[in-house]
Amino acid sequence: MGDFMIKLKKIHPSKRESIHQLFFSIFIVLLSIAFSQNAVGKASKEPIHVDLTKTLGFIMGQRFSLNRIKAEYPTLSLQAKIAELEFNSSFGTSEKNIEKELKGLFKDKYSEFISIMRKQLDDTLKSQQITQDIAVQFLEEVKLRAAGEIPSPILETLLIYQFKENPVNELLRGFKTIYRTEGHPKSKGLDLQIEYPRSWSKREGNRPNVIKYFSSNNGRGPAGALIMTRDLVKRSTRRINAPRD
């Protein structure tokens, strides 16, 4: 489900603001977590099976290339194994969970689907020349991928299924994104820093006081969160001055 880490930084008033005004400019930040399908964002545009297929193809293509390097350049075999171990350490569980998800989606067509994918990968990758220099560069690329340098939506999909059972571990393993409210027109001068999981998406808030919406599973949910600012002083003043019966 994921988690958030929040850091509140000091607000720097302009020269025209007095200390008196600063103390009465009190704002509240509401971080509302909604655990329902209604909180799902719209960041992910592709159907889930498309992201899953892309990600599984990415893993299979990488493995095919690593095996080629091991076979064609024995002196690089150890480096290839190390790079592969590093990637599997980061995302090894993801492949198993993605395969399980696709089996559930394709049902009796899954075997045919995998056979077609493997044939397409073989036909495409076998024709590509791999020099030793290219092989060395690719091994460095795999190490970077293990650290999370992977294009979207493949990275988000890997993370979702890697930490499916324990989503909080995504943050603990360092796969996070930082968002700051500084300079946002709805922030009311507040500089709020939020660390949220890399597999979550964010989008602009539509309501007047809502800065951002966040949604788990790359926008598909089920967990959602938002950042909202409200002026407590104005709200309290309106309540005090409101006519009574």
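This is a predicted model: local features need pLDDT of at least 70, side-chain atom pairs count only at pLDDT 80 or more; totals for chains, interfaces and linings use all residues.
Good morning. Among the contacts in this protein chain between residues at least 6 apart in sequence, 69% join residues at least 24 apart. The protein chain has 9 helices and 7 strands, and of its 245 residues, 40% count as buried.

Let me begin with the packing of the helices. Helix H2, residues 48-72, has contacts with two helices that I wish to describe. With helix H3, residues 77-106, H2 packs at an angle of about 150°, and the two axes lie 9 Å apart. An angle over 145 degrees counts as roughly antiparallel, and H2 and H3 are therefore roughly antiparallel to each other. Their crossing is left-handed. As for composition, the residues in the contact of H2 with H3 divide into 12 nonpolar, 5 polar and 7 charged.

The second pairing is with helix H4, residues 110-126. Here H2 packs at an angle of about 45°, with the axes 10 Å apart. H2 and H4 are therefore oblique to each other, and H2 passes H4 in a right-handed crossing. On the side of H2, the contact is made by Thr53, Leu56, Gly57, Met60, Gly61, Phe64, Ser65 and Arg68. H4 contributes Phe113, Ile114, Met117, Arg118, Leu121, Asp122, Leu125 and Lys126. By class, this contact of H2 with H4 has 8 nonpolar, 4 polar and 4 charged residues.

In soluble globular proteins, nonpolar side chains tend to be buried together. In this model, the largest nonpolar core has 23 residues, and those that touch the most other members are Ile69, Phe87, Phe91, Leu139, Ile150 and Leu158. Which elements give two or more residues to this core? They are H2, H3, helix H5 at 132-146 and helix H6 at 154-162. H5 gives the most, with 5 residues. There is also a second, separate core of 14 residues, which includes Leu52, Ile98, Phe113 and Leu121.

Leaving aside residues up to four places away in sequence, Leu158 touches Thr55, Ile59, Phe87, Phe91, Ser94 and Ile150. Three of these names, Phe87, Phe91 and Ile150, were also in the list of core residues that touch the most other members.

That brings us to H6. How many of the 9 residues of H6 are buried? The count is 9 of the 9, so H6 is largely enclosed by the rest of the structure. The residues concerned are Ile154, Leu155, Glu156, Thr157, Leu158, Leu159, Ile160, Tyr161 and Gln162. What covers them includes H2, H3, helix H7 at 168-172 and helix H8 at 216-219.

A cis peptide bond joins Ser152 and Pro153, with omega at about 5°. Pro153 is found in the loop between H5 and H6. A further cis bond runs from Gly221 to Pro222, with omega near 15°, and Pro222 is found in the loop between H8 and strand S7, residues 223-231.

Next, I would draw attention to Arg198. Where is Arg198 found? It is in the loop between strand S4, 191-197, and strand S5, 201-204. Is Arg198 buried or partly exposed? At 27% relative accessibility, Arg198 counts as partly exposed. Not counting residues up to four places away in sequence, Arg198 touches Gly148, Leu155, Glu156, Leu159, Glu170, Phe175, Lys176 and Thr177. Leu155, Glu156 and Leu159 are among the buried residues of H6. The C-alpha atoms of Arg198 and Leu171 are separated by 8.2 Å, although these residues are 27 apart along the chain.

Finally, two residues with positive phi. Lys107, a residue other than glycine, has phi near 55°. Lys107 has its place in the loop between H3 and H4, and at 60% relative accessibility it counts as exposed. Asn217 is likewise not a glycine and has a positive phi of about 55°. The place of Asn217 is in helix H8, and with a relative accessible area of 29%, Asn217 is partly exposed.

Thank you for your attention.

Definitions and conventions
Residues are numbered from 1 along each chain as its sequence is written. Side-chain values use heavy atoms; hydrogens and water are left out. Axes are lines fitted to C-alpha atoms, for helices over the stretch in contact, and angles run from 0 to 180 degrees between N-to-C directions. Helices (H or I, at least four residues) and strands (E, at least two) are DSSP runs, numbered from the N terminus. Angles under 35 degrees count as roughly parallel, over 145 as roughly antiparallel, 65 to 115 as roughly perpendicular and the rest as oblique. A crossing is left-handed if the near helix is turned anticlockwise from the far one by less than a right angle, and right-handed if clockwise. Contact means heavy atoms within 4.5 Å. Ala, Val, Leu, Ile, Met, Phe, Trp, Tyr, Cys and Pro count as nonpolar, Asp, Glu, Lys and Arg as charged, and the others, Gly among them, as polar. A nonpolar core is a set of buried Ala, Val, Leu, Ile, Met, Phe, Trp, Tyr and Cys residues joined through side-chain atoms within 4.5 Å. Buried means under 20% relative accessible area, exposed over 50%, partly exposed in between (1.4 Å probe, protein chains only).
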